[in-house]
Amino acid sequence: MTPLRRRRGVVHPLFVLTILSSAFLLFLVQPMVARMALPRLGGAPAVWNSAMLVYQALLLGGYGYAHWLGRLEPRLQGRVHLGVLLVAALWLPIGLGGLAPGAGVAPAFWVPWLFVLSIGPLFFAVSAQSPLLQRWFSLAREGQDPYALYAASNLGSFAGLIAYPLLVEPAMTLFDQRILWSSGYIILGVMVALCAATLPRDRPLQAVTPILSAPPGRKRIAHWILLAFVPSGLMLATSTYITTDIVAMPLLWVIPLALYLLSFTIAFARDRAAADIQTRVAPIAILLFGGILVSGMPGLPYLGAIMALALLFLVSVALHTALYRLRPEPDRLTGFYLAMSLGGALGGVFSALVAPLLFNWTYEYPILILAAGVLTPHAYLLAPLQHVWEGNPSRRRVLMLSVALVVTALVAIMLLNNGGGDTPSQLQQIVMLGIVAIGVLSIGAPLAFGVALLGVLVAFGGYQAILISLEPGARTRSYFGIYTVHSSPGVQQLAHGTTVHGTQLRGSPARERTPTAYYVPDSGIGQAMQALPDLYGRHARVGVVGLGTGTLACYAKPGQDWRFYEIDPAIVRIARDSGQFSFLARCLPKPTIVLGDARLNIAAERRDSLDLLALDAFSSDSVPMHLMTREAFASYGRVLSRRGLLLVHVSNRFLDLEPVVAAAATAGGWHATTLFYTPPADAREAATMSQWIALSRDPAVIRVLQARDSGWKPIRHRPGFVPWTDGYSTVLPLIKGY
């Protein structure tokens with residue numbers, strides 16, 4: 001035996017530290033590579049969907065490799081894996097390769113190729129280590145349960161996920177991040193070599209840990225996959241649902257994923273108390289929180305977000321606890337994790353890729369809540385309830401049928417008494433309480449509980465979502481979000497999630513041609529548009545990043561050349577083709593619309609081809625960082641004429657973006673001024689509060705705007721603020737109240 005093998009007390013901490021470090025690096029690399037790719041590849045959905053599929057495929061491949069490696073003699077496993085780590089090290093320092101697409105090649109094809117060739121070997125090698133090191137631990141410490149190490153793995157994943165936006169991204173450039181990750185990989189390789197040294201030598205695998213347990217059947221494997229599928233899909237569905245129907249906040253995507261990872265740490269821990277308590281509570285939370293959340297929580301967005309996150313955490317703990325209870329013996333460990341990995345990948349594909357194609361609302365959210373209600377381990381609340389439900393099969397069938405009939409009748413009463421108001425009537429409230437009571441009494445009988453839960457989801461708000469979906473053209477979904485058209489007397493409004501995306505007055509041609517929302521004549525962009533003839537004559541050339549409902553088109557004059565840059569084809573259909581908004585039809589019937597990522601398309605434009613460029617791409621309070629870097633502003637300056645004017649819309653509920661533009665202006669030699677517009681009380685039907693920043697390299701252009709309105713003020717610089725570049729950016733110091 002080696003000295004390390006004799007010092008058995010060292011083995012467990014070594015494996016814990018190694019597996020934690022592996023997971024930390026794995027979850028650090030994903031957002032880091034996404035940041036590297038953003039300026040080059042843009043923000044088109046094909047890019048990010050392809051990248052996600054590459055991550056999922058490499059992770060699944062790593063788990064499959066670990067499962068295959070378990071067939072070899074122990075020391076040979078160590079030698080093979082160290083060889084894989086050494087070969088993958090040839091790709092250090094980590095980073096994207098210099099591949100460029102050929103003419104006409106779709107991103108869906110060449111982006112996966114770029115990612116696989118750039119980071120594939122490194123990601124594959126590190127992703128295999130969670131199941132592999134647990135297997136090695138079971139060989140090195142015979143008789144000890146290796147599954148607790150999975151808790152350490154997910155604790156490392158959680159730490160890596162939180163560390164990137166909170167610590168790594170704010171403190172380091174992308175170059176420094178690459179060096180940090182590459183150094184961590186080398187240290188990890190040394191730690192893996194130490195773990196391999198603990199493996200028993202000179203004996204076949206069967207002599208060390210004979211495979212005695214029976215292989216799992218197809219139903220058991222399918223159960224594992226399904227238990228992993230639901231929380232993985234629900235994690236992504238929760239992020240979409242919160243940002244769509246509740247509140248869109250920066251970095252919000254981090255919290256659901258962090259809670260999902262943290263749930264593994266609790267579910268696979270040696271101390272079972274916390275996991276068992278939360279699993280017992282989960283059905284009640286699913287029944288109560290699920291129904292309330294489907295209503296959208298109007299008026300209480302932050303409480304709704306907290307409830308949605310709490311529900312995700314409880315469901316994840318409960319279903320992962322069910323996985324832990326169904327875990328096989330250590331000799332079947334790698335196959336178990338392979339099935340879990342497959343379920344997690346399928347859940348991600350369902351919520352991220354399939355659901356936007358199938359549904360025009362976040363229907364995946366209530367569907368996965370319903371599945372969670374049936375799959376969650378149930379425990380009867382009271383002993384008498386167990387005697388009621390557990391009897392002969394015929395009695396159970398009668399009870400099940402009774403629950404279904406009563407719930408159906410109550411839902412029918414609820415729908416027939418729908419008055420169309422936002423507040424349910426007294427009768428509706430009684431019916432809703434009745435359905436909840438049936439659900440509570442059904443806890444312990446999963447199928448009956450599922451029927452009651454379905455009734456709750458429909459009665460509490462699901463039917464309203466269905467009614468909106470059935471209304472032609474009222475709702476559109478794409479990979480960029482969910483757009484809902486709200487119609488009221490005299491006003492048509494487009495909402496992207498919870499953020500107004502455009503407003504049009506209806507009733508007469510003159511009203512329909514009136515610029516509204518953030519674009520009214522007294523706003524910053526409105527004043528700049530009205531100044532175009534004075535600044536550039538009759539033939540001004542105008543570019544707009546972000547089409548919206550096409551409101552700005554109503555500033556177009558004969559002789560001007562206009563073009564819009566829009567990334568989402570769904571927005572083009574709504575603004576131009578659906579007939580729901582007539583800004584384009586009334587004001588610019590044949591607009592030039594360039595589809596795709598705006599930065600990439602602007603980079604392809606001719607030099608000095610625009611006189612005014614309006615940047616209005618920050619929908620639903622999300623910020624496409626690659627449009628706000630110094631390199632991006634240099635690209636805007638290239639396509640603008642010498643006296644060109646750049647307008648940047650920085651209105652945001654959560655982020656103060658003015659310092660970003662101010663820093664870019666200083667670095668690029670721009671002169672800048674800003675106008676914060678607050679609509680008067682009698683104009684709030686059509687006007688929205690806004691802040692626009694105007695930039696030009698000719699100070700005389702800025703003086704023209706300031707002469708039109710004394711509200712234009714000098715732009716505010718924040719001392720010590722580090723400008724955004726393609727190699728460095730962070731929203732953390734920009735969060736209002738931070």
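**Exercise 1: An aromatic pair**

Phe336 is buried, with a relative accessible area of 0% (buried means under 20%, exposed over 50%, partly exposed in between, using a 1.4 Å probe and protein chains only). A quick note before going on: this is a predicted model, where local features need pLDDT of at least 70, side-chain atom pairs count only at pLDDT 80 or more, and totals for chains, interfaces and linings use all residues. Residues are numbered from 1 along each chain as its sequence is written, and side-chain values use heavy atoms, with hydrogens and water left out.

*Task:* Work out how the rings of Trp224 and Phe336 are arranged: stacked or edge-to-face?

*Solution.* 
- Step 1: Look up the rule. Rings of Phe, Tyr and Trp (its six-membered ring) pair if their centres lie within 6.5 Å; planes under 30 degrees apart count as stacked, over 60 as edge-to-face and the rest as tilted.
- Step 2: Apply it. Trp224 and Phe336 lie 5.0 Å centre to centre with 80° between the planes, an edge-to-face pair.
- Step 3: Trp224 belongs to helix H10 (residues 218-246) and Phe336 to helix H14 (residues 333-358), 112 residues apart. Such helices are DSSP runs (H or I, at least four residues), as are strands (E, at least two), numbered from the N terminus.
- Step 4: Trp224 is buried, at 2% relative accessible area.

**Exercise 2: A charge over a ring**

*Task:* Find which ring the charged end of Arg327 sits over.

*Solution.* 
- Step 1: The test is that NZ of Lys or CZ of Arg is within 6 Å of the ring centre and within 35 degrees of the ring normal.
- Step 2: For Arg327 the ring is that of Tyr324, with the charged end 3.8 Å from its centre.

**Exercise 3: The sheet**

*Task:* Say in what order the four strands of the open sheet are arranged.

*Solution.* 
- Step 1: Strands of a sheet pair through backbone hydrogen bonds, either parallel or antiparallel. Here, two strands pair if DSSP finds at least two bridges between them.
- Step 2: The order is E1-E2-E3-E4, with antiparallel pairing.
- Step 3: Strand E1 (475-478) and strand E4 (499-505) are the edges, each pairing on one side only.
- Step 4: Strand E2 (residues 481-488) and strand E3 (residues 491-496) share six bridges. Val485 has Leu494 in E3 as its bridge partner.
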